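Subject: Handover of a structure

Dear colleague,

Please find the structure below, together with its sequence. A written account of the findings follows it.

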Amino acid sequence: MIRTIIEPFRIKVVQPLRFTTREEREDLLRRAHYNPFYLHAGDVLIDLLTDSGTSAMSNEQWAGMMRGDESYAGSESFFRFEAEVKDLTGFRHVIPTHQGRAAERILFSLLGGKGMTTIANTHFDTTRANVEQSGARCVDCPSPESRRLTEAAPFKGNLDLDAVEREIANAGERKVEAIIVTVTNNSGGGQPVSLANLRAVRQVCDRHGIPLVLDACRFAENAWFIRDREPGQEGRTLREIAQEMFRLADISTFSAKKDGLVNMGGFLAMNDDALAARARSVLILTEGFPTYGGLAGRDLEAIAVGLREVVRDEYMAYRIASVRYLCHGLKERGAPVIEPPGGHAAYVDAKATLPHIPKEFLAGQALVNALYLAGGVRAVEIGTVMFGAAAQHELVRLAMPRRVYTQSHVDYVLEVFADLLAERDRVPGYRITWEPPYLRHFTAHFEPVR
Ligand SMILES: *Cc1c(COP(=O)(O)O)cnc(C)c1O
């Protein structure tokens, strides 16, 4: 008999939720300029804005917080963190940073520069911003199947290797500063990259003398999909697969706010001694001394414990099942979702959900706002508001924080979604009334268009 996959923990600290009425939410959303980023989190019932930094820590991680050694230099907590990261990744140099983008900022300020190019399956937005800040340019080479939103394929996060070779030829191999493999591919729906693809990218990098950078934020979720879907991988532990993924790379940037199971932290790791020395010099300038890098000793302890917990089978079985449950539930209720479910979120096609809203009236923002009004659920637009005219799709992402919500919370979200679909014709479009010069989705103001 197949048993229910249960939450593999029991709860010993709780944070009460605050319930609001629809009238209250209408007022709150109007006062937030119809942009849920301005809402106070206390006015949100189920917060699916992001899976980043929103994890619940375990009792062992909290015990690590007490153990944290806050010495300025040579903290015991750093050495525990370093040993754990080295064992997992195999890298000789481990540089702690306060979050993923700090690692990106340091790395791409050293590798990058005018006239250079980085190639990736898809650059995450902070990765792109840091590469472009250095004067280099970004080229995305996602697999062809990633463009077919509702068609299932096992490894939609793969790089298109023919496209990669073309881009290397275009730029000239000496002008390609790195090939970045993002696991899982966050901007491409949280879809995994296969070990076969990663190995093939390794060969491309070797042939051309280009460093391979693993943007490893969701390495453990990716390892699960490899074991589940890739021939020959079924007998291995998640940790062994993750260890191989890291060892195929020359450098890794990591946001511990995802698969580190903590609320803040990250690292930059590599084998190149000279590059590491330069990275540590920048680190001292911008983050802190190399044995804390912008983090408290207790944060380093919590990451060290989290990196062990995240590759446990019971944890990841639950994690993947909870995202799949959300995606399947949405689909059953008639929502057009990206297939197959990724590792950390459900992505809903807002254009197909609200076909009466023309492109200029921002179907994604409309769906996000309708979800909040219908039930206090906060999601995020990934479409024209976020990417402007370059947006390929109008998506809404419902991201699952790790170990935070139970199955009945998800059932509630599904009911809210069903209510919304029943009166979708009445959902208004939106227009922007004010926007900042960069990253407008965070702070733009909107108004409904009836
Ligand atoms: C979150 C994320 C980053 C940046 O990490 P932060 O900790 O938010 O700075 C980089 N790449 C990917 C794929 C991410 O998901």
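The buried residues of helix 14 are Ala363, Gly364, Gln365, Ala366, Leu367, Val368, Asn369, Ala370, Leu371, Tyr372, Leu373 and Gly375. Here buried means under 20% relative accessible area, exposed means over 50%, and partly exposed is in between (1.4 Å probe, protein chains only). Helices (H or I, at least four residues) and strands (E, at least two) are DSSP runs, numbered from the N terminus.

The model is predicted: local features need pLDDT of at least 70, side-chain atom pairs count only at pLDDT 80 or more, and totals for chains, interfaces and linings use all residues. Residues are numbered from 1 along each chain as its sequence is written, and side-chain values use heavy atoms, with hydrogens and water left out.

Because 12 of its 13 residues are buried, helix 14 is largely enclosed by the rest of the structure. Helix 14 covers residues 363–375 and reaches 18 Å from its first C-alpha to its last, close to the 18 Å expected at 1.5 Å a residue (the expected span is 1.5 Å times one less than the number of residues). Glycine 376, with a positive phi near 75°, follows the helix. In the loop between helix 13 (350–353) and helix 14 lies leucine 362, whose phi is also positive, near 60°, although the residue is not a glycine. Leucine 362 is buried, at 4% relative accessible area.

**Other backbone features**

Leucine 261 is a non-glycine residue with a positive phi of about 60°; this leucine sits in the loop between strand 7 (251–255) and strand 8 (266–270) and is buried at 0% relative accessibility. A cis peptide bond, with omega near -25°, runs from valine 183 to threonine 184, and threonine 184 belongs to the loop between strand 5 (176–182) and helix 7 (195–208). The bond from glutamate 339 to proline 340 is cis as well, with omega near -15°.

**The ligand**

The ligand is surrounded by 14 residues, the closest being Arg101, Asp215, Arg218, Ser255 and Lys258 (a residue is near the ligand if one of its heavy atoms lies within 4 Å). Helix 4 (residues 100–111) supplies the largest share of this shell, 3 residues. A nitrogen atom of the ligand is 2.8 Å from an N or O atom in the side chain of aspartate 215. An oxygen atom of the ligand lies 2.9 Å from an N or O atom in the side chain of asparagine 186, and a polar side-chain atom of lysine 258 is 2.8 Å from a ligand oxygen. Of the 380 Å² that the ligand exposes when taken alone, the protein buries 97% (Shrake-Rupley method, 1.4 Å probe).

**Salt bridges**

There are 34 salt bridges, each a side-chain nitrogen of Lys or Arg within 4 Å of a carboxyl oxygen of Asp or Glu. In one of them, aspartate 51 pairs with arginine 402, the closest N and O atoms being 2.9 Å apart. These partners are 351 residues apart, so to speak distant parts of the chain that the pair links. Aspartate 51 is buried at 0%, and arginine 402 is buried at 0%.

Glutamate 394 forms a salt bridge with lysine 359, with the closest N and O atoms 3.1 Å apart. This pair ties together parts that are 35 residues apart in sequence. Glutamate 394 is buried, at 4%, whereas lysine 359 is partly exposed, at 47%. Salt bridges that share partners join Asp51, Arg218, Glu221, Asp259, Arg319 and Arg402 into one network.

With kind regards

Definitions and conventions:
A polar contact is a pair of N or O atoms within 3.5 Å; within protein, one must be able to donate a hydrogen and the other to accept it, and residues adjacent in sequence count only if both atoms are side-chain atoms.
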